Amino acid sequence: MSIKIEGFPPSTAGITGGLVLKGTLDPSNPPANITSSKKGDYYVVNATGTLAGVELTDNDHVLFNQDASSPLT
């Protein structure tokens, strides 16, 4: 009797997604192109305020888990 031990096969999928830092975000004055953000884009909040009805504070992160639309929801 023999035992064959194998590792996991190499992945051919590669990286299928990732995060892209788009810069800082002031909720009271968001960038004009924020409504064209894509899935994976994120901003670091640098001021307190409200964006799309959500209260944000300094150092919060706004991460898009789907492509944005206008108006921002």
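**Close-up 1. N59, in the loop between β4 and β5.** This is a predicted model, where local features need pLDDT of at least 70, side-chain atom pairs count only at pLDDT 80 or more, and totals for chains, interfaces and linings use all residues. Residues are numbered from 1 along each chain as its sequence is written, and side-chain values use heavy atoms, with hydrogens and water left out. Strands here are DSSP E runs of at least two residues, and helices are H or I runs of at least four, numbered from the N terminus. N59 isn't a glycine, yet its phi is positive, at about 75°. With 52% relative accessibility, N59 counts as exposed (over 50% is exposed, under 20% buried, in between partly exposed; 1.4 Å probe, protein chains only).

**Close-up 2. A52, in the loop between β3 (49–51) and β4 (54–56).** Here's another positive phi in a residue other than glycine: A52 sits near 55°. Its relative accessibility is 45%, so A52 counts as partly exposed. For context, most residues other than glycine have a negative phi, and most peptide bonds are trans.

**Close-up 3. The cis peptide bond from S70 to P71.** Omega is near 5° for this bond. As for where to look, P71 lies in the segment after β5 (61–63).

**Close-up 4. An open sheet of three strands, in the order β1-β2-β5.** The pairing is mixed, and two strands pair if DSSP finds at least two bridges between them. β1 (20–25) and β5 sit at the edges, each pairing on one side only. On average, neighbouring strands of this sheet are turned by 25° against each other, direction ignored; the axes are lines fitted to C-alpha atoms, for helices over the stretch in contact, and angles run from 0 to 180 degrees between N-to-C directions. Zoom in on β1 and β2 (residues 41–45), and you'll find them paired in the parallel sense over five bridges. G23 has Y43 in β2 as its bridge partner.

**Close-up 5. The structure's one aromatic pair.** Y43 and F64 have ring centres 6.5 Å apart and planes at 70°, so the pair is edge-to-face. The cut-offs: rings of Phe, Tyr and Trp (its six-membered ring) pair if their centres lie within 6.5 Å, and planes under 30 degrees apart count as stacked, over 60 as edge-to-face and the rest as tilted. This pair links distant parts of the chain, with Y43 in strand β2 and F64 in the segment after β5, 21 residues apart. Both Y43 and F64 are buried.
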